[in-house]
Structure formats: C-alpha cells, structure tokens
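Please look over the following notes alongside the sequence and the coordinates. They are set out as numbered points for someone meeting this structure for the first time.

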Amino acid sequence: MERLFDLDFQLLHDAVLLAIAVFVLFLVMSYLLFDPVRKMLQDRQKKIQGEISEAKTDKDKAAALKAEYDAKLKQVDKEAEAILSEARQKAIQNEARMIDEAKQEAARIIQHANEEARLEKSRVMDEVKQEMITVASMMAAKIVASSIDTTIQNTLVEQTLKEMGDSTWLS
C-alpha cells in the first residue's frame, strides 16, 4: 500500500517528538523570556497607573491651592479697599480739621486787626484831641492875649471842647 504523503510511524513519532520539544521549548522560553517581559510590562503599567494617580492628586492639590489663593486675593482686595476707605475718611477728617483751624486763625487775625484798629483809632483821637487843645490854646492865647492866667485858659479850652462836642472830634 502506498502511503499518503509518505506517512509512516517514524515520521509520526518524529512529528510528535518535535511537537513535544517545541512545547517544552515554548515553556522554557516562556519561563525565561516571556515571564520577565510580562513582569516588566506589569511593573511599567503599575508605574504608569501610579503616575496617573499622582498627577490626579497633584491636580487636585493645585486646584485647592488655586482656590485658596483666589480667596486670599479677594480678601486682600477687600483689605485694600478697607485701607483706602479708612485713608479717605482720615483725609476728610484732616481736611475738616484744617478748615476749622484756618477759620479759627482767620477769626483770631480779624479780632487782632479789629483790636489794633480800635487802639489806633483811640491813639489818633488822643492825638487829634491834643492837637485841638494846642490849636485852641494858641487861638485863645492870641485873642485874649497875655492878660488871662492859666486857670482861665484851661477853663476856656474845656468849654470850647464841650461846645464842639465829643462827636465832632471823635469822627
């Protein structure tokens, strides 16, 4: 009988041994090569997962820090506004105080000027009175001449002043 594809027992035996050898070789290679590669891939996968979770954690922390800094910025803005408001109030108070001081100073200066004017008026009135007395004395001296004594002369001056009136020489 002629064999199909020349299959005989020896060939089948060799084929089975070859299959067993390939299987054993696959197991050995799997143990020596594939397992370390799988382990390396798993380690790499774990490392990547760890980095991803760390990145998420860092992102969450960054978001929390950003929210905190935003809150601090708002608070700083509020504090700055409060400080500016306080400075405005102090400026308004200082302005009011300066205006009051200036008004008081002006009133004091006006009062001082009025006092000086009153004193000057009084001094001028005294000078005018003395001048009038002198003029009246000279006139009386010329008119009456030397026959009248000093008492009569003083009496005449006083009478003349009374006749002229206080309003005449005060104005």
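1. Asp-60 counts as exposed, because its relative accessibility of 53% lies over the 50% cut-off for that class. In this predicted model, Asp-60 belongs to helix α1, which covers residues 9-144. Asp-60 is also one of the residues in a patch of negative charge on the surface, where it gathers with Glu-51, Glu-54 and Asp-58.

2. Is Ser-30, by contrast in topic, buried or exposed? Ser-30 counts as buried, because its relative accessibility is 13% and the class takes in values under 20%. Ser-30 has its place in helix α1, and, once neighbours within four places in sequence are left aside, Ser-30 is in contact with Asp-35 and Arg-38.

3. For the chain as a whole, the reader will find three helices and zero strands, and the pattern along the sequence reads α-α-α. Of the 171 residues of the chain, 5% count as buried.

4. Salt bridges deserve a separate point, as the count comes to 11. One of them joins the side chains of Lys-39 and Asp-43, with a distance of 3.7 Å from N to O. Lys-39 and Asp-43 are separated by about one helical turn, because they stand four residues apart in helix α1. Asp-43 is partly exposed, its relative accessible area being 39%.

5. A salt bridge is also formed by Glu-86 and Lys-90, whose closest N and O atoms are 3.4 Å apart. Here too the spacing can be read from the sequence: Glu-86 and Lys-90 are four residues apart in helix α1, so about one helical turn separates them. Glu-86 is partly exposed at a relative accessible area of 45%, and Lys-90 is partly exposed at 47%.

6. The side chains of Glu-81 and Arg-88 likewise meet in a salt bridge, at 3.6 Å from N to O. Glu-81 counts as partly exposed, because its relative accessibility is 44%, and Arg-88 counts as partly exposed at 46%.

7. Which residues are linked with Arg-123 in a network of salt bridges? They are Glu-120 and Glu-127, so that the network should be read as a group of linked residues when the reader inspects this part of the chain.

Technical notes: Residues numbered from 1 in each chain as written. Predicted model: local features only at pLDDT ≥ 70, side-chain atom pairs only at ≥ 80, totals over all residues. Heavy atoms only, no water. Patch = residues over 30% accessible without salt bridge, like charges linked within 9 Å, V, L, I, M, F, W, Y side chains within 5 Å. Areas by Shrake-Rupley, 256 points an atom, 1.4 Å probe, with all protein chains shown as cover. Salt bridge = Lys/Arg side-chain N within 4 Å of Asp/Glu carboxyl O. Lys, Arg positive; Asp, Glu negative; His and termini not counted. Charge placed at Lys NZ, Arg CZ, Asp CG, Glu CD. Helix = DSSP H or I, 4+ residues; strand = E, 2+ residues; numbered from the N terminus. Buried < 20%, exposed > 50% of the residue type's maximum accessible area, 1.4 Å probe, protein only. Contact = heavy atoms within 4.5 Å.
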